[in-house]
Amino acid sequence: MKLSRLLKAVLAATALSLVATAASAENVRLRFHTFYGSEMDDAAKRMQDTLREKSDNKIRMQYFRGGELVSSDQFVEAVGRGTIDIAYGVGSYWPGQVDIGNIEAGLPGAWTSTEEARTVFEKLDPIIAESYEERGVVLIGRGYGSDYELLTKQPVSSIDDLKRMKIRSTGQMARVLKEFDVPTVFLPAEELYVGLSTGVIDGVLYGGPLEYEQLKLNEVAKNYTSLNLLNPGWIETIIINKKVWDKLSDEHKSLVKEAVNQYAEDIHNWLEDGNKKLKDEGKLFNFTTINEEDSRKLAKAAEKIWDEEAAKSERNAKAIEILLDNKKSQGR
């Protein structure tokens, strides 16, 4: 009898332990790191609240703004290592780690609208996902930025105007401008105001009217010029640690995907609405477009970059082929 009671007690304790372990396993804590600052806090809160509510408090997300834990160019490595669980960045930050990063972020001339970009990435993402898998991370979402055009102190109507200026630019656009002997330099966002006000730079390629207004650059530069090369001007990438992803239930995977992609869509809508409002008001900036002939010259120069990216790997070549097919179908 005593043995029977003891056995029952052991079995009961074991059962309770298993239940507790299972319950603990269902509770998920995720560290999410973005490259954005406090301007996206509302979108972040919605993402966190959605996850918590729809998962019955099983999924909690800790949110880190740009630069708080790791620099944005280290996101792939940090997610693969498990320093953070989910990262929200842009492929051009890490082209040395992911060979397809520049293509993914957006090559000049690749698309001209959000709708076109979404269609292109339906074909691109299976190829891009392979590249991230090799780094121990899983591609789970996509964000579509917004306007990415030129802001200068003096009016710009042609490429020749730019040759007399020093432009803050990065990545593929800097490479295009250098093809026309336009001086370019890199400055971080927090230094753009001082750079323009002191004459260190004469213009910037950084974003759209809303971003320029957020940085108060309208106080030191008024001329906003569309180059007609790429819209959205950048594409955002959402990746998660593979081990973390594999441990999630199918239900939790769906909830995480839904929440992070809603965050991306909220950002896109905030940018689009803000840019449209400032353009419609027409008060902060003088809006113009570079002449059509020079726009074609810029697009032609970008083809060299496409060729260079295609030569990096067989995977890159497949991605460029998709972009070329799309370009032809759009009549460009």
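Start with the largest cavity of this predicted model, which has a volume of about 60 Å³ (a cavity being a set of points on a 1 Å grid over the protein atoms alone where a 1.4 Å probe fits but cannot get out, with points joined across faces, edges and corners and the volume taken as the space filled by probe spheres set on them). The count of cavities of 30 Å³ or more comes to one. To display the lining (residues with an atom within 4 Å of a point), select Tyr-148, Glu-149, Met-173, Leu-205, Leu-227, Leu-229, Leu-230 and Gly-233. By class, this lining has six nonpolar, one polar and one charged residues (Ala, Val, Leu, Ile, Met, Phe, Trp, Tyr, Cys and Pro count as nonpolar, Asp, Glu, Lys and Arg as charged, and the others, Gly among them, as polar).

Residues are numbered from 1 along each chain as its sequence is written. Local features need pLDDT of at least 70 and side-chain atom pairs count only at pLDDT 80 or more, while totals for chains, interfaces and linings use all residues, and side-chain values use heavy atoms, with hydrogens and water left out.

Next, select helix α12 (residues 292-310) (helices are DSSP runs of H or I, at least four residues, numbered from the N terminus), and within it Asp-294, which is buried at a relative accessible area of 7% (buried means under 20%, with a 1.4 Å probe and protein chains only). Beyond its neighbours within four places in sequence, Asp-294 is in contact with Ser-158 and Ile-159 (heavy atoms within 4.5 Å).

Notes. 1 Å grid on protein atoms, 1.4 Å probe; cavity = no way out; pocket = protein on both sides within 12 Å on 5 of 7 lines; lining within 4 Å. Axes fitted to C-alpha atoms, helices over the stretch in contact; angles between N-to-C directions. Helix = DSSP H or I, 4+ residues; strand = E, 2+ residues; numbered from the N terminus. Buried < 20%, exposed > 50% of the residue type's maximum accessible area, 1.4 Å probe, protein only.
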